[in-house]
Amino acid sequence: MTKTNLDALINSLEGIETITDSAQVAKLSQDYHTFSPVLVPKLEGKVGDIVVRPANEAEVLTVAAACAKHRVPVTVRGAGTGNYGQCVPLHGGVILDMTRMQEIYWVKPGVARVEAGVKLAALDKKTRQIGWEIRMAPSTYRTATIGGFIAGGSGGIGSIQYGLLGDRGNILALRVITVEDEPRAIELRGDDVQKVNHAWGINGIITEVEIPLAPAYPWAEVIVTFDEFMTAAKFGQALGNADGMIKKLISVFASPIPQYFHALQEYIPEGTHSVFLIISEPSLEFLPGLVQQYGGKITYKKLAQEAGKSTHLAEFSWNHTTLHARSVDTDITYLQSMFPRNPSLQLVEHMYYHFGDEVMMHLEFFRVNGAVVPGALQLVRYTTEERLNEIIRYHEEQGVSIANPHTYIIEDGGRKVIDPEQLKFKEIVDPYGLMNPGKSKVLQFQIQN
């Protein structure tokens, strides 16, 4: 943006909080793409020109109109806890920080309606007051916003019971603002929410979210250790398949991953493989028998009243595992893998022995199309991009789907293609192509041609 253009934009945003300090703008132009040594050089120096923090939807409409008028790119962000550069602006412009929009409109049995900047932990605390809770959350739930989770996330803690965020029924409604000469508010309900879900903010500005809730259980936290990794994995699968036992988390860590969990070292003997569980207290009665069946040992147990204090096992799961490992060794990066339903554990075993400690196995069990399957967020000892690509190709050749976390292009990540319905919707809501430009191959091709 030229200084004249920037000044004109700022003048049109009178009364709305803006940040022009270069250090602050640079900070709010980033996310956790630093987990990837491939993305770091590609996104280096990519920053916005200004940060705008709207307090309500009316201010969002004003910002959208200003960006359309001045043809300024706009990149929406929540707390910036994503890992692929989703909220890193490739072409400068406005960083639209939604974290001031924190109103919880209402909470009812089974459903809640909130603004996009509401933190997941705050919403969960509110819903539990009436005996309900959010269905799923990323491991960054303390800081992540619900709008950011929907725009850039896919699942997490709770997915063992309720599937992935994009599964039918896990998002009830979204309200989005268009970026046009005269911006509009559009309400998407039912299956129409998929036009915006996991679209990385290219398809409108999410201002409100309506989600289903789950009955709130008293959740206990448990660590079980095993001498053999595959025994731990088979135990995780068996527990996942036990539909009568209510679970929120089943995380399996191959040795030496638990060595990175300093706060839990005393509960995980060196050389053992561990399974972290969040399980409802009524289901605890059935756990010792299953543990004994697989030769494991319960080394840590906290009932719900104590589990909510100090250390939370959830914050060692999903991609927090990578965070803990990188705090010790910054040469570690990660993969995201989906193992096929059959033969999932055989492929897990093959990959575990094939790569050894170069690709340390970390499994998260979740529900896909009614079946419990293992996904993996393996820790990789990074050497070169070429070697990383070899590891990815080998997995894919064996039938393991890789949601590549080392790209900022939507089609190169998990989905491999962009939803045609999302493209159609983008034409309607973003006619000038101003929303998070550069994040889609298809859109880049259309612009060039």
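# Exercises on helices, strands and backbone angles

Helices α8 and α12 are roughly antiparallel to each other; the exercises begin with the reason. The model is predicted, with local features needing pLDDT of at least 70 and side-chain atom pairs pLDDT 80 or more, while totals for chains, interfaces and linings use all residues. Residues are numbered from 1 along each chain as its sequence is written, and side-chain values use heavy atoms, leaving out hydrogens and water.

**Exercise 1.** Explain why α8 and α12 count as roughly antiparallel, and describe their contact.

*Solution.*
- Step 1. Helix α8 covers residues 229–241 and helix α12 residues 344–355. Helices (H or I, at least four residues) and strands (E, at least two) are DSSP runs numbered from the N terminus.
- Step 2. The two pack at an angle of about 155 degrees, and their axes are 11 Å apart. Axes are lines fitted to C-alpha atoms (for helices, over the stretch in contact), and angles between N-to-C directions run from 0 to 180 degrees.
- Step 3. Angles over 145 degrees count as roughly antiparallel, under 35 as roughly parallel, 65 to 115 as roughly perpendicular and the rest as oblique. The pair is therefore roughly antiparallel.
- Step 4. Phe 229, Met 230, Ala 233, Lys 234 and Gln 237 of α8 meet Ser 344, Leu 345, Val 348, Glu 349 and Tyr 352 of α12. Contact means heavy atoms within 4.5 Å.
- Step 5. Sorted by class, this contact of α8 with α12 holds six nonpolar, two polar and two charged residues.

**Exercise 2.** Find the angle between the axes of α1 and α4, and list the residues in contact.

*Solution.*
- Step 1. The axis of α1 (residues 3–11) comes within 10 Å of that of α4, and the two cross at roughly 150 degrees.
- Step 2. The helices α1 and α4 are therefore roughly antiparallel to each other.
- Step 3. From α1, the contact takes Asn 5, Ala 8 and Leu 9; from α4, it takes Ala 66, Cys 67 and His 70.
- Step 4. The classes in the contact of α1 with α4 are four nonpolar, two polar and no charged residues.

**Exercise 3.** In what order do the four strands of the open sheet stand, and which are at the edges?

*Solution.*
- Step 1. The order is β1-β2-β4-β3, with mixed pairing. Two strands pair if DSSP finds at least two bridges between them.
- Step 2. The edges are β1 (17–19) and β3 (74–77); each has a single partner strand, so one side of each lacks a neighbour in the sheet.
- Step 3. From one strand to the next, the twist averages 25 degrees.
- Step 4. Strands β2 (residues 50–53) and β4 (residues 94–97) run parallel and are joined by three bridges. Ile 50 is opposite Val 94 in β4.
- Step 5. Helix α4 (residues 57–70) lies across β2, β3 and β4, at about 170 degrees to β4.

**Exercise 4.** Locate Arg 71, Ser 310 and Pro 256, and describe the backbone there.

*Solution.*
- Step 1. Most residues other than glycine have a negative phi, and most peptide bonds are trans.
- Step 2. Arg 71, in the loop between α4 and β3, has a positive phi of about 55 degrees. Its relative accessible area is 44%, so Arg 71 is partly exposed.
- Step 3. Ser 310, in the loop between α10 (304–307) and α11 (320–328), has a positive phi of about 50 degrees. Ser 310 is exposed, at 57% relative accessibility. Buried is under 20%, exposed over 50% and partly exposed in between (1.4 Å probe, protein chains only).
- Step 4. Pro 256 is in the loop between β12 (247–253) and β13 (273–280). The peptide bond from Ser 255 to Pro 256 is cis, with omega near 15 degrees.

Methods:
Ala, Val, Leu, Ile, Met, Phe, Trp, Tyr, Cys and Pro count as nonpolar, Asp, Glu, Lys and Arg as charged, and the others, Gly among them, as polar.
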